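Me: I have a protein model open and want to learn how to read it. Can we go through it feature by feature?
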Amino acid sequence: MSNLFNLPFSFSTNPQTVKNLLQHRLHIQPNSNDDKWSEKAIRGLIKRLTKSSMIDDLQLALDTKNPHTRCVTIPRDAQSKLVEPNPSTTVRKAFNDITPTIAFCRIWRWPDLNTHLELRPTPTCTYAFQHEKDQICVNPYHYERVIAPFIPPIHVPVSDRAVFDSTTSDRFQPDSTVAMDCLSPTSDQPRTVVNSPASVQDNFEAMTPTPATVNNNVPTTAISYVETPFWCSILYYELNQRVGETFHASLNSLVIDSFCDPNASDRFCLGSLTNVNRTPESEACRRMIGQGVRLYYIGGEVFAECLSDSPVFVQSPCCNQRFQWHPATVCKIPPRCNLKIFNNTEFAQMLRDTIQHGYEAVYNLTRICSIRMSFVKGWGEEYRRRTIMSTPCWVEIHLNGPMQWLDNVLQQLPLPGPMSSK
């Protein structure tokens, strides 16, 4: 293994100091890869702290587990050269986040930590890596683990269908059989994630019905959100043709790439999928996907990170509502950028607000639980491809937890009356 730390030394390594810091490591087996990797990492860190006094500050933080200790910093421009991947198989290879902050939080606090998206800095940390300063703090007690917030149950009225004014949702909700691509074409203008406007003329008003009257004396039943064994299911398409089997994601991180491992649980490898009707355009697009996109499910939120050298394009109604865009807006995620594309808490609020409008209004939230993503080629008003079914390679991501929650709610709601023959 090459050196983990290859910058000029600043401080000498005191054997007792190293011993003191090593004793705070978690779940380390002697003479294991984790043991050797973490010891070498700690020795290198000691030599490269920006001040010698920070060795004592780090020791104090580990001894007291106190977030009010001082920052322990290294130069930001050195972080990309400091840490190599841990060779241990106990760290899932799906996550390639090997920044020093992540490395030392794994060593001293959370061995199962996967990515920086799972961390938020404490209010007292001046040099947290999120602050974009010249130095970054590696004090593990200056960070908190992001956990999924508690989602209160939804209280659903239990009574006859006269309680609901279903005509309200008929008037405001688009036909549920219409594909998302067929909504107003003005809404399909692509948005680049890094420079997106705060609002757009047509916003989520199209999906928000006006209030209906609900009898406050109607009894209710509480329906809670429950995680499912597979947090999402992914379907792959080339133009308008479905290709291959559904990929079911059980791990909180997965990569959709163009390679060919048919059995990986953390990768949906499109290269292994065959299509006798594949067009030359789809073939060329598949070659450009490369590393593809990584999806994270962390703390009740879903993130998409573009790993490819080509952008990916995402249509997420939940994300669009957050920015007050039209629900059919398409966002462009450039290489090495990420975007939050779903939030369970936001969805819960939508569901809570929609319950009073009846069965059809709630049913229309199923489209919120599906996210469409194309590779390399975008679609929308500013592209020659007006719908996603005209793009060479794309996927549809179904979020199983929210969809299951919707199903449980719908089973309790009165069905709408018979459709008019008009």
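This is a predicted model: local features need pLDDT of at least 70, side-chain atom pairs count only at pLDDT 80 or more; totals for chains, interfaces and linings use all residues.

Me: How do I read the pairing of two strands? How many bridges join strand 12 to strand 13?

Reply: Look for the bridges and the direction. Strand 12 (residues 293-298) and strand 13 (residues 301-306) run antiparallel and are joined by six bridges. Now pick out partners. Y297 has V302 as its bridge partner in strand 13.

Me: How many residues lie between strand 12 and strand 13?

Reply: Two, and the pair forms a hairpin. Check the turn as well: G299 has a positive phi of about 55 degrees.

Me: What is on the other side of strand 12?

Reply: Strand 10, residues 253-257. These two strands pair in the antiparallel sense over four bridges. L254 stands opposite L295 of strand 12.

Me: Do strand 10 and strand 11 run parallel or antiparallel?

Reply: Parallel, with three bridges joining them. I256 has F268 as its bridge partner in strand 11.

Me: How do I judge whether a strand is covered? Are the two faces of strand 12 covered or open?

Reply: Sort the residues by the side they point to, then check each side. In strand 12, V293, L295 and Y297 lie on one side, with R294, Y296 and I298 on the other. All are buried, and both faces are covered. Strand 10 can be read in this way too. S253, V255 and D257 point one way, L254 and I256 the other, and all are buried.

Me: Now the cores. Which residues touch the most other members of the largest nonpolar core?

Reply: That core has 58 residues. The answer is I234, I256, L295, L351, F375 and W405. Take I234: leaving out residues up to four places away in sequence, its contacts include L254, I256, F268 and L295. Another core, of 33 residues, lies apart from the largest one. I55, V72, A103 and Y141 are among its residues.

Me: Last, how do I read a helix?

Reply: An α-helix has 3.6 residues a turn, so residues three or four places apart point the same way. Now look at helix 3, residues 54-64. M54, I55, D57, L58, Q59, A61 and L62 are buried there.

Me: What do the buried residues of helix 3 pack against?

Reply: They pack against helix 1 (15-22), helix 2 (33-48), strand 1 (73-75) and helix 4 (100-108). Then look past the end. K65 follows helix 3, and its phi is positive, near 55 degrees.

Notes. Residues are numbered from 1 along each chain as its sequence is written. Side-chain values use heavy atoms; hydrogens and water are left out. Two strands pair if DSSP finds at least two bridges between them. Buried means under 20% relative accessible area, exposed over 50%, partly exposed in between (1.4 Å probe, protein chains only). Contact means heavy atoms within 4.5 Å. A nonpolar core is a set of buried Ala, Val, Leu, Ile, Met, Phe, Trp, Tyr and Cys residues joined through side-chain atoms within 4.5 Å.
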